[in-house]
Amino acid sequence: MSNDQAANQLTVVNQGSVPTPAAKGTIISGTPSPSKGSLPGQIGVSAVPVSYYGTERIWANLAYRASEWMNVVGGLNQYGNPKTAGRIFLQAPNDVLLGKATRITCTWQGKGAAFVNGNVPNWVRSDTRTISFVWKPAGPPGKHGGVWFDLSGSDGTFRDLDCREPGVVANGRLDQRYVDDMKLYSVVRFLDWSTANSNAPISWATRSLPNRQRSGTFTGDQPLEDQIEIANAIGGDAWFTIPWNADDDYIRRMATLIRDTLKGKAYFETGNEVWNWMFKVTTQALNEGIAKNLSPNKWDNTMLRYAEKTVEQNKILTDVFKAQPARLVRVASFQSGNVRGIDQFLDFRDTAQWVDAIADAPYFGVAELNKPARIGETQSQLFARLEKARLAAIQTTTFVAQAAKRHGKLSMIYEGGQSNISTDANAAVNEQMQRSPLMEAAYNRYLADLRAVHTGPIMLYNTTGPTGRFGSWGQHEFTGQPDAVAPKRRAIRAALSK
């Protein structure tokens, strides 16, 4: 994410314009022409993994990867399900998110009795390999209540749990509504589907596999095959974050699978926000750089180790894609406005030879909402503040674009959008902002400026999520939400029509 404190110290420029960067070099004017990359003006998004408490309906099967198996008895069988007993939560169907009671039918194979509880009118039990119940909504999206499936009495053969409402239209394993929503975007970034943020080790033997439920035996990643299926279904490119602690065998096998099954381009980056001290990877990079004595300046070791690690991983990717180099885009990501870090990174040894694109995350938001007292400003006053923050974000990201051009690299953003967070006292005010036509207007200006500055895709964070005090990151609030009540998506659609 961008450095809000630094951004607030910058001079605000006129609305809708591209500021002249203070850093050395010339203003961005057109697209650089590195060996490979992507068309300017594309808009992409970070995808949200499915979760039972979330509002992103991805799979036609409401049980698939909606939660991990809990209260497991007897361990897991060869299908990744409990041998004897366990509990799993289900993803909410679209009609429940719209406030409508919905009948769900679950089927399975093998032996096992089951009951369903939660937001259902009556406790339901079955041992006939099928169970049907009505899911009653408990509130709006994000507060819609939960339903869980309890398995008991299995002999180790329980498998193929499938829960869905009648008439759901599937696209392969995907819900067609999700595919339709995602077709708006040209590139999908799968950061939260990896172990990059947890910084956990991962190998090919321990990775998650498709058509298996989540469990405590997995490392928190989502199957690569699932990610590829989504990108292929929408006809888009895919952006993968390689965990810092992935071994070389994993990277080579990952890249080979993607090369052979993904239809579009593949973007890769090493770790996530290696500059950000909120993440474990940053301290690890610092310590590794110090151990390697990459710089006598202690703190420079972080960025230099990031460069070294990026080259190590990108050499493997480059070898795997050597017969299809135009399909590979190797990205390095930085704090918004950090020109020194970019120069330091690309000037280290032969790093520049192994990187195609530079990206940053120019978020913008209203800090006043994150205070204990209820704010007394009007929506117009708050959006005036938001506009100043937006312009400051455009200025810092322009510094990044300028540095990328000077080095002959594509420039893009890996995350971005509006980043309001609020206290409980200001949650309602934040909700008003998120649903206001003024938010659409702010996004219109934001996207126009980003597309004028950058030469690669503009990646927004993220696809879907309800408005809440901890942020309103979604471009809409739930899968299939009409654009009429989703101002950010309206702005994206308008931008792409130009």
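Me: Which residues of α8 are buried?
Reply: Val339, Gly341, Ile342, Asp343, Gln344, Phe345 and Leu346 are the buried residues of α8. Buried means under 20% relative accessible area, with exposed over 50% and partly exposed in between (1.4 Å probe, protein chains only). Helices are DSSP runs (H or I, at least four residues), strands are too (E, at least two), and both are numbered from the N terminus.

Me: How is this model made, and how are residues numbered?
Reply: The model is predicted: local features need pLDDT of at least 70, side-chain atom pairs count only at pLDDT 80 or more, and totals for chains, interfaces and linings use all residues. Residues are numbered from 1 along each chain as its sequence is written, and side-chain values use heavy atoms, with hydrogens and water left out.

Me: Back to α8. How many of its residues are buried?
Reply: Seven of the eight, so helix α8 (residues 339–346) is mostly covered.

Me: What covers them?
Reply: The cover includes α7, β15 (328–333), β16 (357–360) and α9 (379–406).

Me: Take Thr310 in α7. Buried or exposed?
Reply: Thr310 counts as buried because its relative accessibility is 1%. Leaving out residues up to four places away in sequence, Thr310 touches Thr270, Phe345 and Val355. Contact means heavy atoms within 4.5 Å.

Me: Which residues of α5 meet α7?
Reply: Asp248, Ile251, Arg252, Ala255, Thr256 and Arg259. On the α7 side are Gln313, Ile316, Leu317, Asp319 and Val320. The contact residues divide into five nonpolar, two polar and four charged. Here Ala, Val, Leu, Ile, Met, Phe, Trp, Tyr, Cys and Pro count as nonpolar, Asp, Glu, Lys and Arg as charged, and the others, Gly among them, as polar.

Me: New topic. How many disulfides are there?
Reply: One. A disulfide is a pair of cysteine sulfur atoms within 2.5 Å. This one joins Cys106 to Cys163, with 2.1 Å from S to S.

Me: Why does the pair tie together parts apart in sequence?
Reply: Cys106 lies in strand β4 (residues 102–109) and Cys163 in strand β9 (residues 159–164), so the linked parts are 57 residues apart in sequence.

Me: Are those cysteines buried or exposed?
Reply: Both Cys106 and Cys163 are buried. Their link is right-handed, with 115° about the S-S bond.
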